[in-house]
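Please look through the structure shown below before reading on. The report that follows takes up strand pairing, then the surrounding sheet, and then the chain as a whole.

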Amino acid sequence: MTSKTVLVSGASVAGPSAAYWLHRYGYSVTVVEAAPRLRPGGQAVDFRGEQMKLVEAMGLLDDLREHETALREQVQLDPAGKPAFTLPSGFTNGELEVLRGDLARILYEHTKDFTEYVFGDRVTSLAETADGVDVTFRHGAPRRFDLVVGADGVHSGVRTAAFGPEAKFRTDLGYHVAGFTAPNHLRLDHEGLLYNEPGLGAIVASHRDPATVTVGLAFRGDPDGYGRPDLARQKDIVTEVFAGAGWELPQLLTAVADAPDLYFDTVGQIKLDSWSRGRVVLLGDAAWCAGPGGSGTGLAMMGAQVLAGELAAADDHVTAFARYEQRLRKPARVGQRNGAGSGDFLVPATEEKLRKRNRMYRSLAGPIGRRVFEYLGNRAANAVKYREYPQPRAHALP
């Protein structure tokens, strides 16, 4: 039989994960990515619980182990730069943690031999017909696919084309984040430091490269205050916002101007009544972005497996999409509940809220507190159980 064709938009994590599982069930997959190449660097992402079963089933575990950050405990500093409390490694980095850029590259390497990747292009319109979806691209020639998967993140172009403007579905959490790589002048060794001032936060962590650290910044502010700035303006914003900050931030910020991997965005959640429309379906942040602490990476990869498995098991895409959404809705809500409170932890707005947060987490430093941290970290990760789908004979691979 002729394989059904699927266009997947987005080549970060959700998209290549979908490509892996769709190919496993006999589909022919094209992945289109707006960036000209895989994005390097990025902040750390972790796996735990049921998600570990998934990465093992995908044959990724050994490669991920080779690139894990091996980050130990992270220390929260007080405004004077002195230790206030310690976050156990199981809470902050799960059972396995890697940099997002390493994960994206590993997924690409595991799928490139059977997936058509198109970099430097994006979907501009979708028109559904009786037997497919006609897709136009910014640069490439129009093509028809049986199905389209939007795995292109919180600012999904597929979602805009099929469902409408982002503003209809986005709930902002009231703060911005930025991330980049900087020289390791603090001489950290697989360690993490967190620092806050009212309305500002920083996470600095040493991973596999002893010469560098990843720097994550967060700050309160009007979510619409900056619009969608270009790269030069993003660097100016970060420098301006943190210009008066203390501790080691002035030294760390000197790396922003030349940072090749700067990430900058507002933090928000995506909520839709339905994740599919006709032959178009959304996956990962495009469908249910939760924000930090929502186990978004692992849940996106779990969702890819569920989506592909339901497509292979069902007689039609309508049934498959409904079953996929039925399995993922509750886990997505759990992730969003976790993510909704991330701002109060990452960037307490006032000195009083900062002191209150520090007192609360300091009180959880003992064995009981560690179990609480473990429960909180695993709640979203274990909200969906890994389950193998039988492979239909009609889709059997050689």
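**A pair of strands**

Strand 13 (residues 192-197) and strand 14 (residues 200-205) run antiparallel to each other and are joined over six bridges, where strands are DSSP runs of E of at least two residues, helices are runs of H or I of at least four, both numbered from the N terminus, and pairing requires at least two DSSP bridges between two strands. Within this pair, Leu193 lies opposite Val204 of strand 14.

This is a predicted model, in which local features need pLDDT of at least 70, side-chain atom pairs count only at pLDDT 80 or more, and totals for chains, interfaces and linings use all residues. Residues are numbered from 1 along each chain as its sequence is written, and side-chain values use heavy atoms, with hydrogens and water left out.

**The sheet around them**

The open sheet has seven strands in the order 5-4-13-14-15-12-16, and its pairing is mixed. Strand 5 (83-87) and strand 16 (263-270) stand at the edges with a single partner strand each, so one side of each has no neighbour in the sheet.

**The whole chain**

The chain holds 14 helices and 18 strands. Its radius of gyration, taken over C-alpha atoms, is 21 Å, close to the 21 Å from the globule rule (2.2 Å times the number of residues to the power 0.38) for 398 residues, so the chain is as compact as a globular protein of that length.

Of the 398 residues, 51% count as buried, meaning under 20% relative accessible area with a 1.4 Å probe, protein chains only. The C-alpha atoms fill a box of roughly 65 × 45 × 40 Å along the principal axes.

Key. Buried < 20%, exposed > 50% of the residue type's maximum accessible area, 1.4 Å probe, protein only.
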